[in-house]
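Dear colleague,

Please find below the structure that I am handing over to you.

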Amino acid sequence: MLEKHSGPDRVRRWPGTIPVLHRYTPGVAGETFFDALRDRGVLLGSRCGTCGFTYVPARLFCERCFAELAADTEVGPGGELVSFTIGFVGLNGGPLDEPVTLGLVRLDGADAVLCHRILDPGGDEPLGIGQRVEVVVRPPDERTGSILDIAGFRLQ
Ligand SMILES: [Zn+2]
């Protein structure tokens with residue numbers, strides 16, 4: 001019979017680490033999204049002709065109705081801030097030198113939201129839901145075909 005433990009510190013355990021390595025491929029639609037971002041500095045989404053939802057980044061199929069999609073809809077560069085948070089702790093658990101503000105933005109022409117940094121959030125007015133923002137794409141010679149080709153969202 002299995003015994004139910006009421007505290008994780010009271011079970012038998014041994015310390016250790018497990019090295020986990022992985023590669024994540026962006027897929028067909030993701031490749032098209034990152035190529036367009038790197039080569040043209042634009043954001044491509046996918047609009048579902050069946051249910052009308054527009055995804056960003058682009059998708060190969062609709063998660064709502066399973067219709068086949070194409071990466072053929074430019075969205076943004078403007079958008080609306082729908083949520084944000086401020087991070088003070090890094091991935092290693094230590095404090096960050098500077099807090100990082102991350103925002104969820106619904107780009108113009110899209111229904112899905114995109115998460116990225118908010119650039120210079122410490123202006124005169126406090127950050128607010130519904131605020132207009134604009135995507136800032138890095139200069140062409142700095143782009144590598146990654147999500148970091150986007151520098152972040154600039155407040156408008
Ligand atoms: Zn759909």
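Which arrangement do the four donor atoms around the zinc ion make, and why? Please bear in mind that the model is predicted. The angles that the donor atoms subtend run from 101 to 127°, and therefore the arrangement is tetrahedral. The cut-off behind this step is that all angles must lie between 85 and 135 degrees. For reference, the ideal angle for four tetrahedral donors is 109.5 degrees.

The zinc ion is held by the SG atoms of Cys48, Cys51, Cys62 and Cys65, at 2.3 Å. Along the sequence, these donor residues follow the spacing C-x2-C-x10-C-x2-C. Cysteine 48 has a relative accessible area of 0%, so it is buried. Cysteine 51, with a value of 39%, is partly exposed.

I turn next to the salt bridges. In general, side chains of opposite charge can pair when their charged atoms come close. How many salt bridges does the structure hold? The total is six, and several of them are described here.

Glutamate 74 counts as partly exposed because its relative accessibility is 49%.

Another salt bridge joins the side chains of glutamate 134 and arginine 154, at 3.0 Å from N to O. Here too the pair links distant parts of the chain: glutamate 134 is in strand E7 and arginine 154 in strand E8, 20 residues apart. Both residues are partly exposed, glutamate 134 with a relative accessible area of 24% and arginine 154 with one of 41%.

Asp35, Arg38 and Asp39 are linked in a network of salt bridges. Within this group, the side chains of arginine 38 and aspartate 39 meet at 2.8 Å, N to O. Arginine 38 is partly exposed, at 31% relative accessible area, whereas aspartate 39 is exposed, at 51%.

Where does aspartate 149 lie? Its place is the loop between strand E7 (132-137) and strand E8 (150-155). Aspartate 149 is buried yet has no salt bridge. The side chain of aspartate 149 does, however, reach the backbone nitrogen of threonine 144 at 2.8 Å. Beyond residues up to four places away in sequence, aspartate 149 touches several others, among them Leu37, Arg38, Val136 and Glu142.

The loop between E7 and E8 also contains isoleucine 147. Is isoleucine 147 buried or partly exposed? With a relative accessible area of 30%, isoleucine 147 is partly exposed. Leaving aside neighbours within four places in sequence, isoleucine 147 is in contact with Phe33, Phe34 and His116. The C-alpha atoms of isoleucine 147 and valine 89 are separated by 21 Å, and the two residues are 58 residues apart along the chain.

Yours sincerely,
A colleague

Note on methods
Residues numbered from 1 in each chain as written. Predicted model: local features only at pLDDT ≥ 70, side-chain atom pairs only at ≥ 80, totals over all residues. Heavy atoms only, no water. Donors = N, O, S within 2.8 Å, 3.2 Å for Na, K, Ca; no water. Tetrahedral: all angles 85-135°; square planar, octahedral: opposite > 155°, others 65-115°. Buried < 20%, exposed > 50% of the residue type's maximum accessible area, 1.4 Å probe, protein only. Helix = DSSP H or I, 4+ residues; strand = E, 2+ residues; numbered from the N terminus. Lys, Arg positive; Asp, Glu negative; His and termini not counted. Salt bridge = Lys/Arg side-chain N within 4 Å of Asp/Glu carboxyl O. Polar contact = N/O pair within 3.5 Å; in protein donor to acceptor, adjacent residues only side chain to side chain. Contact = heavy atoms within 4.5 Å.
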